[in-house]
Amino acid sequence: MTGTARRRRRRAATARAGAPILLVVPAVLAVVFLAIPLLGLLGQTPWRNLAAELAAPKVQTALRLSLVCSLGAVAISILVGVPLAFLLARVEFPGRNLVRALTTLPMVLPPVVGGVALLLAFGRRGLAGQWLDRAFGITLPFTTAGAILAEAFVAMPFLVITTEAGLRAMDRRFEDAATTLGAGRWTTFRRVTLPLIAPSLGAGVALCWARALGEFGATITFAGNLPGTTQTMPLAVYLALENDLQAAIALSLVLLVVSLAVLIGLRDRWFPTA
Amino acid sequence: MSLEARVELTLGQLHLHVDLAVATGELVVLLGPNGAGKTTLLLALAGLATVEDGRVVLDGDVLEDTGAGVRVPTERRPIGFVFQDYLLFPHLSALENVAFGLRARGVPRAEARRRAGAWLERVGLAEHASSRPRALSGGQAQRVALARAMVADPRLLLLDEPLAALDVASRSEVRRDLRRHLASFDGTRLLVTHDPLEAMTLADRLVVLERGRVTQTGTAVEVSARPRSRYVAELVGVNLFRGLADGHTVQLAAGGTLVVADDCHGEVFAAVHPHAVALHRHPPEGTPRNVWAGTAENLEAAGDRVRVRVAGTVTIVAEVTPAAAAELRLADGGPVWAAVKATEVTVYPA
């Protein structure tokens, strides 16, 4: 039976069963609840002077900084997160499950707690901060580097988890086939492993970036809220709500569009049609 | 110039312990039931499974010698491997799949593509060069896999059940092509299968592997004439007995005796073809030297004949015409007598 036929049959079965009112009412409520805020945002958007709002220096600064910070966080995540995903997927080592749990922790940890923890570790008097300050004269809190670090802390797990899942799902015998064709480790990785896990890697990067872009709690706690230095879009939105609603809405719209773009980009992964 | 291998390894339930020699230009088929260790042996020869104890020498080059601590990594072994499900890289075109081995071995891009293209033409897939593997039929994918394994001129070609992934309809045609392409290869060839037909039609020599050990080697004719295990006997459809011979009688290990024409002594195998077994409803008189009473069970059609198992002191499979089966009312059960002439028993040392 083809996928389409199976789907059609399933749909027919649902239609036959009908839709019990007991399910429909709360379900519709849920959809309305999820949709109304978005409609509110779209309804309040100053479409006429949206361009002008987005071009305002304050908004531009936040946009640029957000781009720098989120891309920086993604770069760090790729640099250390992908190797970590490989180790977790491919190498048996004692405490592997512990490492995996630790890696996933930031996904469930309240971001503000992450910020506090970062401050205690990398603050001037923190465990690692003290040493960084003394050895290299580097201070992280309340700097752009600190904002990048805070975003990477919260966003990296998304890349690690997705990449690890991709590596686990991959048939490793393709790598065996490559070695029988004379490919060494690096060639095999570059020409076989990487292309085969590319969809997972891409999804991981997209998720990681979206999470970094929207990061609020850890950033404001660890890096503060300094315009041009650590005031990223979500922080700017929060601040603008007090005195410049139009700017807040314009920035929110940008974040919403980015989220939708990521969602659409990953739809085949999350909502497979076949 | 040849392959000489001694491989010992343990993998889960499997204890592989094999001595194998294949001459250059020879096509050896490894035949055995599922789980016998055939694929594992190929993987070990390719360096993809860890050999615990052993030595593998190909054309005088030591690929593996556990005693001397030598282990040439897979990518530096001059081998070609055709996997059971081909494992064509799904993200590369047919041409790029074939060119992969050349590129990995440092052949410049343009030359690699040219040589890969020539191979695709050789296997009749020139117009599918830019197709992705998922767009190819099973038979086409198999030929791409073959071209990919052979393009870099390996000295040892390993094929793991190259026809198993194909449907029955396309199998005979692909088998014919495979035989032709294998014939054009002048290195050492080792093919694994559990399909006796494939084994008999392709092999210069058969090596039967059961539970990690070689139980028999020889040409298809030799192996089918003198099976040395129940597995092979069932494959070629003969009754196989084992026993202790003393002159013209064999004391069977499972009970009963067998009278044979040849004079022999010691541990022997005795093979009786089912069509040489005559069935009677009453004790027969006259020439047959071997007569056993039993009950007919397990009637099944085999071509235009009926195979019947007669269970008794000596259990034996007979093959009779449907008319005879009806006349003897075999389907009703009850006692029957199976008779075999001494001259119909092939006896050979165990």
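**Entry 1: a sheet in chain B.** I started with strands β4 (residues 53-58) and β5 (residues 61-65) of chain B, which pair in the antiparallel sense over four bridges. I picked out one bridge: B:Val56 has B:Glu64 as its partner in β5(B). This is a predicted model, so I keep that in mind for everything below. Which sheet do the two strands belong to? It is an open sheet of five strands, running β2-β1-β4-β5-β6 in chain B, with antiparallel pairing. At its edges I found β2 (14-23) and β6 (70-71) of chain B, each of which pairs on one side only. Helix α1 (residues 38-46) of chain B packs on this sheet and touches β1 (2-11), β2 and β4 of chain B. I noted an angle of about 115° between the direction of α1 and that of β1(B). A reminder to myself: strands of a sheet pair through backbone hydrogen bonds, either parallel or antiparallel.

**Entry 2: helix α4 of chain B.** Next I checked the length of α4 (residues 138-150) of chain B. Its 13 residues, at 1.5 Å a residue, should span 18 Å, and the end C-alpha atoms are 18 Å apart, which agrees. Is α4(B) enclosed or open? Eleven of its 13 residues are buried, so α4(B) is largely enclosed by the rest of the structure. The buried ones include B:Gly139, B:Gln142, B:Arg143, B:Arg148 and B:Met150. I then asked what the buried residues of α4(B) pack against. The partners are β7 (79-82), α2 (94-104), α3 (109-122), β8 (156-160) and α5 (168-183), in chain B.

Entry 3: Most residues other than glycine have a negative phi, and most peptide bonds are trans. B:Leu87 sits in the loop between β7 and α2 of chain B. It counts as buried because it has 23 C-beta neighbours inside 10 Å, where the cut-off is 20 or more. B:Glu161 is not a glycine, yet it has a positive phi of about 45°. I located B:Glu161 in the loop between β8 and α5 of chain B. Its 19 other C-beta atoms within 10 Å make B:Glu161 partly exposed.

**Entry 4: a residue on strand β13.** I moved to B:Asp263, which is in strand β13 (residues 257-272) of chain B. Is B:Asp263 buried or exposed? It counts as exposed, because it has 10 C-beta neighbours inside 10 Å. Leaving out residues up to four places away in sequence, B:Asp263 touches B:Gly247 and B:His248.

Entry 5: How many helices and strands does chain A have? I count 14 helices and zero strands. The C-alpha trace of chain A spans about 60 × 55 × 35 Å along its principal axes. Of the 274 residues in chain A, 34% are buried.

I looked up the largest nonpolar core, which has 162 residues. Among those with the most contacts inside it are A:Leu251, B:Val29, B:Leu158 and B:Ala338. Helix α8 (residues 144-169) of chain A gives the most to this core, with 14 residues. A:Phe158 is in α8 of chain A and counts as buried, with 24 C-beta neighbours inside 10 Å. Beyond its neighbours within four places in sequence, A:Phe158 is in contact with A:Gly204, A:Leu207, A:Cys208 and A:Arg211. As for B:Ala338, I found that it touches B:Val277, B:Leu279 and B:Trp292, among others.

**Entry 6: where the chains meet.** Last, I looked at the contact between the chains: 14 residues of chain A are in contact with 16 residues of chain B. On the chain A side, α9 (173-180) and α10 (185-214) are the elements that give two or more residues. Which element gives the most? It is α9(A), with six residues. I sorted the chain A side into seven nonpolar, five polar and two charged residues.

Technical notes: Residues are numbered from 1 along each chain as its sequence is written. Chains are lettered from A and ligands numbered from 1 in the order in which they are written. This is a predicted model: local features need pLDDT of at least 70, side-chain atom pairs count only at pLDDT 80 or more; totals for chains, interfaces and linings use all residues. Two residues are in contact if their C-beta atoms, placed from the backbone, lie within 7 Å. Ala, Val, Leu, Ile, Met, Phe, Trp, Tyr, Cys and Pro count as nonpolar, Asp, Glu, Lys and Arg as charged, and the others, Gly among them, as polar. A residue is buried if 20 or more other C-beta atoms lie within 10 Å of its own, exposed if 12 or fewer, and partly exposed in between; C-beta atoms are placed from the backbone. The expected span of a helix is 1.5 Å times one less than its number of residues. A nonpolar core is a set of buried Ala, Val, Leu, Ile, Met, Phe, Trp, Tyr and Cys residues joined through C-beta atoms within 7 Å. Two strands pair if DSSP finds at least two bridges between them. Axes are lines fitted to C-alpha atoms, for helices over the stretch in contact, and angles run from 0 to 180 degrees between N-to-C directions.
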